[in-house]
Amino acid sequence: KKIKVKEGEHITSRSTNKSRSHCALWERFGSWLPLSSSYLKDEAYSTCGLVEWYSQSSVISDSHNDTAVRFCANPLPRNGDFVGRKGHLPCTIISLGSTNELAFEESMLLTTACYVEMFQCGSEATSKHIFERFPGRLRFHPFCAGGEAGESTKQLLTWLSMANASSSHRGVRSQILVLKMDVEIDMALGLLSQIAALRAQATKKSVQIDGATHFSENPLHIFAPLQLSVGLSATGGQKVISSERAQRDLGFVRINSSQLSLEIEPSGYQLVDRQGSPECVHCPSRLLFAHNSLLGENNHADLYSVGDRFHMPSFVSGPSELWTKKVFREALRTSRGRIAKALPGSLLGHYSALEAAATQGNCSSFKSKLPLCPGFPSVSLLRAALDDLGRRPGRVLHAFEAIHALEATLLVHLRSGDMRFDDDAHLEALAQVVAKGRFRHVRVLGAAHGDTRYGDPREFAKNYLETFSKARHAMGQCNVTYHVSISPDDDLYQIYISRHFFAHHGGFSMAGSLVTRGTVYTRAAFLESKEPGFLELLRDGSRNLVVM
């Protein structure tokens with residue numbers, strides 16, 4: 001059965017179960033595609049929501065199609081969630097070398113809420129009607145990709161030039177979620193090399209504070225796509241080629257997987273899917289690489305512990321002996337000051353500037369030479385700092401930011417990643433909230449929001465994805481998706497703008513429950529383990545509190 005898709009319409013899944021017919025196509029995880037690829041056996045890969053996007057114009061087909069493009073749909077907001085909403089779209093999809101067929105581009109425009117940017121070397125767009133149908137969402141660039149790093153020309157662009165042109169729309173920068181390229185192998189290798197180099201440069205430009213790594217403002221790694229879909233047809237579909245050419249191309253196709261992996265994996269990508277046979281020169285073959293942040297890892301941006309820096313552990317009943325020592329608290333104040341000075345655009349940087357202005361420099365929570373400001377942290381200053389963070393020029397908008405601010409969305413933080421999750425009672429309470437609330441979106445945040453120097457990030461990611469699977473199973477709904485983190489600072493901002501937030505244990509959840517101005521849901525056990533001072537802040541009237 002083929003399903004016609006209209007703009008803004010939610011695509012139904014293949015399931016014949018009528019109780020699941022409301023589920024959007026990419027809200028089915030893991031088992032949606034009956035794939036036997038060894039890359040999908042790991043939970044980290046299967047939870048990405050791998051979906052086949054067929055190249056037939058505006059049609060999703062149940063039958064196998066060799067021309068389908070597969071990639072992870074979990075980080076893609078749906079078009080239906082943005083139809084009629086004003087403002088900028090939150091994401092960008094880039095297509096290289098589509099040769100004006102436009103079926104893939106049209107499918108993305110119909111089913112996602114992203115801008116689509118086409119780059120086609122030296123040609124003109126032939127299907128004018130599609131640009132008239134999607135004004136402002138589809139842009140055509142008659143430029144060639146593959147310029148050497150630092151050597152863009154009017155016709156030959158480097159990846160950085162292409163990303164800059166694509167992700168910025170009227171001064172607002174959106175996330176690049178997908179790069180689909182159908183170019184010659186040498187060009188693909190060149191582009192992947194440049195993307196890998198951007199992440200390497202971002203690491204070199206990072207700031208070292210107290211032994212931890214923090215990215216500087218506007219790091220170059222924001223131009224690296226979350227997913228890379230690379231076509232490997234070296235012959236361009238030619239049926240008749242010379243024997244010498246055939247042998248050369250067959251060699252290319254056989255080793256492309258390892259070549260591309262070696263090029264891109266050191267910069268944080270993993271091979272999650274392969275289409276086509278590596279033994280067939282004429283058959284299309286495609287590799288999909290997903291960035292680790294899509295697979296549950298932190299982005300390693302500003303990885304100080306947000307909860308600790310804002311003294312959340314001091315509000316826990318019977319705090320650890322370490323938090324009662326003045327020397328430790330002073331060391332933490334000094335560390336806050338170093339981060340705020342080195343990264344003025346960070347949350348700590350904004351809070352420090354606002355505090356200095358409010359107190360006229362008579363006290364400080366960041367400078368040890370001045371008296372400590374009473375009542376740290378101030379909830380009003382923390383909210384103001386998050387406001388400033390959200391308005392920072394050049395900030396990358398999270399793809400789900402507008403969705404997080406909706407009344408029909410529940411944001412959930414589950415303390416996971418750096419610890420095993422075994423709180424089944426908490427998941428039962430969460431399931432009750434979801435069942436009663438009829439939320440259209442349930443977004444789960446659960447990456448380790450702390451310093452990952454003391455553990456394996458891949459192990460943390462595995463813990464988080466296992467927790468996410470438990471949460472999704474407990475809620476029994478397919479509108480539950482996991483949140484792909486940009487940074488802990490940005491994650492706290494997403495909680496700040498949310499209307500509904502479900503808090504768990506840990507300092508990050510505590511900070512989130514204080515800054516949100518909507519409704520906080522939590523269990524009685526969460527409150528019973530806190531000092532009276534925290535409960536006073538939580539019940540100050542600036543938010544609703546629902547105790548399960």
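Strands β18 and β21 run parallel and are joined by two bridges. Across this pairing, Leu411 stands opposite Phe501 in β21. The model is predicted.

- Six strands form an open sheet with parallel pairing. Their order is β20-β19-β18-β21-β22-β23.
- The edge strands are β20 (480–482) and β23 (544–547). Each has a single partner strand, so one side of each lacks a neighbour in the sheet.
- On average, neighbouring strands of this sheet are turned by 25° against each other, direction ignored.

**Helix α15**
- Helix α15 covers residues 507–515. The helix lies across β18, β21 and β22.
- Relative to β21, α15 runs at about 155°.

**Helix α12**
- Helix α12 has 14 residues, 424–437. At 1.5 Å a residue, α12 should span 20 Å. Its end C-alpha atoms are 20 Å apart, which agrees.
- Which residues of α12 are buried? They are His426, Leu427, Ala429, Leu430, Ala431, Val433 and Val434.
- An α-helix has 3.6 residues a turn, so residues three or four places apart point the same way.
- Arg438 follows α12. The phi of Arg438 is positive, near 50°.

Technical notes: Residues are numbered from 1 along each chain as its sequence is written. This is a predicted model: local features need pLDDT of at least 70, side-chain atom pairs count only at pLDDT 80 or more; totals for chains, interfaces and linings use all residues. Side-chain values use heavy atoms; hydrogens and water are left out. Helices (H or I, at least four residues) and strands (E, at least two) are DSSP runs, numbered from the N terminus. The expected span of a helix is 1.5 Å times one less than its number of residues. Buried means under 20% relative accessible area, exposed over 50%, partly exposed in between (1.4 Å probe, protein chains only). Two strands pair if DSSP finds at least two bridges between them. Axes are lines fitted to C-alpha atoms, for helices over the stretch in contact, and angles run from 0 to 180 degrees between N-to-C directions. Contact means heavy atoms within 4.5 Å.
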